[in-house]
Amino acid sequence: MPIHSLHLAGFRSIRKLTLELDSLNVVVGPNGCGKSNLYKAIQLLHAAAEGRLSAALAQEGGAQKAMWAGGARRGDKARAPKRMILSARLDDYDYELQLGYPEPSLSLFSLDPQVKEESLWLAGHGRRPSTLLLERRNQAAFLCGVEGERNSYPASLRAEESIFGQLAEPHRYPELSQIRETLRNWRFYHEFAVWPGSPLRAPQVGIRSPVLAHDGANLAAAFQTIVEIGDRELLDSMLADAFSDCRFLVDTQQGRFQMLMQRDGLLRPLEAAELSDGTLRFLCLAVALLSPRPPAFMALNEPENSLHPALLPALARLIAEASRHSQLWVTSHSPELAERIRRHRPLKTFQLTQQDGETQLLDD
């Protein structure tokens with residue numbers, strides 16, 4: 001269930017932005033133009049489905065710090081309530097989450113967001129009552145049941161979380177459950193833990209891992225999972241593109257896995273603790289993108305970081321190959337990377353700029 005379009009408003013530098021997506025999307029622009037803000041806004045939809053909306057916004061400094069801080073623009077409604085709007089149009093459904101400031105109270109929890117509205121409706125039909133599957137206003141919600149009946153949700157909803165994180169008896173609301181699982185299964189890779197002493201540099205208990213952890217901590221186990229049940233030949237081919245004089249394998253001792261690199265001319269393999277940050281980052285990207293259980297949607301934030309420019313051709317081929325099985329969102333500082341990806345697969349490029357503190361598409 002790919003994302004066909006995104007509508008984002010009121011989040012950090014994003015006052016209002018609508019993007020029509022393809023299967024492979026690359027977002028480029030200078031520092032400070034809002035590339036990471038777009039990435040984080042999409043990630044908030046994922047966090048809402050997991051019941052971590054408040055925690056995700058806390059990482060942004062709380063709801064007030066995450067809200068659009070710019071002034072009014074021509075065409076804005078006077079005295080309109082300040083809202084953060086996160087909306088996605090999928091194959092069959094449209095989902096929208098609107099967040100606002102918490103109501104004044106005696107509580108010390110003043111940085112929590114407050115869900116003002118939350119809606120799910122059949123795509124392409126507008127918000128006619130007959131197409132609404134979820135209609136929430138503040139802490140009251142109406143849901144479409146398994147027989148198509150409209151039910152008032154009986155439980156009290158927490159104001160600071162999406163209904164996805166509070167849904168009891170999900171079998172009674174199949175469409176809502178389906179969207180929740182879709183959003184939960186999106187994957188985001190922003191920063192791999194490659195620093196000295198990190199878990200991926202030390203032996204770890206190995207369990208079958210078809211999905212690489214967001215920080216790469218289970219790299220060795222996820223690598224071995226591809227070797228045993230995934231496309232090993234493709235993995236080897238991609239790594240040979242990047243490191244023509246090296247071979248990678250997993251060493252295991254008493255059930256603990258660690259990555260090894262055998263390099264031509266060396267008498268012993270190098271352990272993960274000895275590998276460069278760039279080598280480990282590329283390994284993480286390869287294992288994440290060649291997962292034997294590819295997600296519907298995957299986002300990479302500046303994957304070229306810490307990589308030598310000579311690795312860009314291999315990275316481009318890797319991203320292009322992964323886009324055959326997952327919809328990809330890639331933010332990058334490198335126009336060269338976007339151009340190299342285009343040599344392998346068609347892509348949609350979003351060129352961002354910032355004007356008066358507002359993230360805008362350059363074509364606008």
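The model is a predicted one, in which local features need pLDDT of at least 70 and side-chain atom pairs count only at pLDDT 80 or more, while totals for chains, interfaces and linings use all residues. Residues are numbered from 1 along each chain as its sequence is written, and side-chain values use heavy atoms, with hydrogens and water left out.

Along its principal axes, the C-alpha trace spans about 70 × 45 × 40 Å. The secondary structure of the chain comprises 9 helices and 18 strands; these are DSSP runs numbered from the N terminus, with helices being H or I of at least four residues and strands E of at least two. Of the contacts with a separation of 6 or more, 62% join residues 24 or more positions apart, a contact being heavy atoms within 4.5 Å. The accessible surface comes to about 17200 Å², and carbon and sulfur atoms hold 49% of that area; areas come from the Shrake-Rupley method with a 1.4 Å probe, and for residues only the protein chains shown count as cover.

What share of the 364 residues counts as buried? The figure is 51%, where buried means under 20% relative accessible area, exposed over 50%, and partly exposed in between (1.4 Å probe, protein chains only). The largest nonpolar core has 58 residues, of which Phe223, Phe282 and Ile319 touch the most other members. Helix α7 (residues 277–289) gives the most to this core, with 9 residues. Apart from this core lies another, of 56 residues, including Leu8, Tyr39, Ala56 and Tyr95. Such a core is a set of buried Ala, Val, Leu, Ile, Met, Phe, Trp, Tyr and Cys residues joined through side-chain atoms within 4.5 Å. Beyond residues up to four places away in sequence, Phe223 touches Leu235, Leu239, Phe248, Leu249, Val250, Met259, Leu283 and Val287.

Glu60 sits in the loop between α2 (53–58) and α3 (63–66) and is buried because its relative accessible area is 11%. Leaving aside neighbours within four places in sequence, Glu60 is in contact with Phe11, Arg12, Lys40, Lys65 and Ala66.

Asn138 is in the loop between β7 and β8 and counts as partly exposed, with 39% relative accessibility. Glu169 lies in the loop between β9 (150–152) and α4, and its relative accessible area of 43% makes this residue partly exposed.

Glu336 belongs to helix α9 (residues 335–342) and is partly exposed at 39% relative accessible area. Between Glu336 and Gly61 there are 275 positions in sequence and 34 Å in space, C-alpha to C-alpha.
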